[in-house]
Amino acid sequence: MRRMFFHSRKIMSLLLAGVLVATLLPGAWLTAGAQDESPATLNLVGAHSLWKYEDSNTDLFGEATSDFRAKSFDDSAWAQAAAPLGYPAGESDNGAFGAIAPGSVMANQGNPNAYITYYLRTSFSLTDLAGVETLSALSSFDDGYVLYLNGHEIDRKNMPTGDVGHTTVAPLVFEAKEGAAHEQVTDLSAFRQYLVRGTNVLAVDLHNRDNTSSDIYFGLELTATYDASETSEADKTPKQINVHVGDDAAHTANFTYTTVGSVATKAVLVKKGTSNKLTFTGENSVGASSKYFHKLT
């Protein structure tokens, strides 16, 4: 009983220290530029994020909301799968995205009557636009694609210049399975103006070289870097702070909290009555309704 009481008293001291800092010094325990001079990196679209896709060989280059590129386009009836997508199953051995899984295989009529064009869409959320410094994409594909952000073209790979439509073919064969040589890193920072607060939509038209193609492949990762000093104080302020006993009750505690902005955060625990400080870096992830969840142990 004495040992258990000692453990409880020790962990309670740690919990109280955390609550003291969280409630009295919210600005001091976030990396609002002063504690972390390097920009925070946020993975907006992960390598294996879910994408909606349309693989019925339907022409979706339309007008206004009937065009698949429009942010307001209704893709609720589309199928959904994790990237990378394409056909056949197992296609590609590149390191960035891996092979197409059986659940992510798109339809095709088959050689020599393959589809030319497929359509894909995914979304991500942003609440802090002022702090966005860079935007970049890592992609691997077969054979070519055009990428749109909220209805605006921001990139095209292995596609002809000018207007692109449902029957436009990629000019050259481009094999994603050739690995790192065909993993493209693209700086999209010039298109940050098309980002919006809240939900953002990426749309893609993916094209074969011709209608005898035996494969197609698409994987894309979108990342942004943030200058935390540009983030508003309201976006940095921790909310919904919770403290829980860790796996080792004598020595650990788990802190979880949320922020509105996508800032990288740290917690500074100060032992009551002393100047001793312990600094911990939190793990960041994006949740629903533009809420960012943070956890540290």
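**Exercise 1. Determine which side chain makes a polar contact with that of Ser139, and describe the setting of Ser139.**

Solution. The model is predicted; local features need pLDDT of at least 70, side-chain atom pairs count only at pLDDT 80 or more, and totals for chains, interfaces and linings use all residues. Residues are numbered from 1 along each chain as its sequence is written, and side-chain values use heavy atoms, with hydrogens and water left out.

Step 1. The partner is Tyr145, whose side chain is joined to that of Ser139 by a polar contact of 2.9 Å. A polar contact is a pair of N or O atoms within 3.5 Å; within protein, one must be able to donate a hydrogen and the other to accept it, and residues adjacent in sequence count only if both atoms are side-chain atoms.

Step 2. Ser139 belongs to strand 6. Helices (H or I, at least four residues) and strands (E, at least two) are DSSP runs, numbered from the N terminus.

Step 3. Ser139 is buried because its relative accessible area is 1%. Buried means under 20% relative accessible area, exposed over 50%, and partly exposed in between (1.4 Å probe, protein chains only).

Step 4. Neighbours within four places in sequence aside, Ser139 is in contact with Phe97, Tyr145, His182, Glu183, Gln184, Gly219 and Leu220. Contact means heavy atoms within 4.5 Å.

**Exercise 2. Locate Thr225 and identify its polar partner.**

Solution. Step 1. Thr225 is found in strand 11, which covers residues 216-226.

Step 2. The side chain of Thr225 makes a polar contact of 2.4 Å with the side chain of Thr134.

Step 3. Beyond four places in sequence, the contacts of Thr225 are Pro39, Ala40, Thr41, Gly131, Val132, Glu133 and Thr134.

**Exercise 3. Describe the largest nonpolar core and state which members touch the most others.**

Solution. Step 1. A nonpolar core is a set of buried Ala, Val, Leu, Ile, Met, Phe, Trp, Tyr and Cys residues joined through side-chain atoms within 4.5 Å. In soluble globular proteins, nonpolar side chains tend to be buried together.

Step 2. The largest core holds 37 residues, and Trp51, Leu202 and Leu222 touch the most other members. Elements giving two or more residues to this core include strand 1 (40-45), strand 2 (50-54) and strand 10 (198-207). Strand 11 gives the most, namely six residues.

Step 3. Trp51 lies in strand 2, and Trp51 counts as buried because its relative accessible area is 0%. The C-alpha atoms of Trp51 and Ser123 are 8.3 Å apart, although the two residues are 72 apart in sequence.

Step 4. Outside its sequence neighbours within four places, Leu202 has contacts that include Val45, Trp51, Leu120, Phe124, Leu147, Ile154 and Leu222. Another core lies apart, with 13 residues, among them Phe61, Ala70, Trp78 and Tyr119.

**Exercise 4. Decide whether Leu126 is buried or exposed, and find its contacts.**

Solution. Step 1. Leu126, in strand 5, has 0% relative accessibility and therefore counts as buried.

Step 2. Leu126 touches residues including Leu42, Leu44, Leu195, Val196 and Tyr292, leaving out those up to four places away in sequence. One of these contacts, Leu195, is 69 residues from Leu126 along the chain, with 8.2 Å between the C-alpha atoms.

**Exercise 5. Classify the ring pairs Phe141–Phe174 and Phe191–Tyr194.**

Solution. Step 1. Rings of Phe, Tyr and Trp (its six-membered ring) pair if their centres lie within 6.5 Å; planes under 30 degrees apart count as stacked, over 60 as edge-to-face and the rest as tilted. The whole structure contains twelve aromatic pairs.

Step 2. Phe141 and Phe174 are stacked because their ring centres are 4.4 Å apart and their planes at 5 degrees. Since Phe141 lies in strand 6 and Phe174 in the loop between strand 8 (152-157) and strand 9 (183-187), the pair ties together parts 33 residues apart in sequence. Both Phe141 and Phe174 are buried.

Step 3. For Phe191 and Tyr194, the centres are 6.3 Å apart and the planes at 20 degrees, so this pair is stacked. Phe191 is partly exposed at 25% relative accessibility, and Tyr194 is partly exposed at 23%.

Step 4. Ring pairs also link Trp51, Phe141, Tyr145, Phe174 and Phe218 into a cluster.

**Exercise 6. Summarise the chain and the confidence of its prediction.**

Solution. Step 1. The chain has two helices and 17 strands, and 47% of its 297 residues count as buried.

Step 2. The mean pLDDT (the predictor's confidence in each residue, from 0 to 100) is 81, and 77% of the residues reach 70 or more. Over residues 1-37, the pLDDT is below 50.
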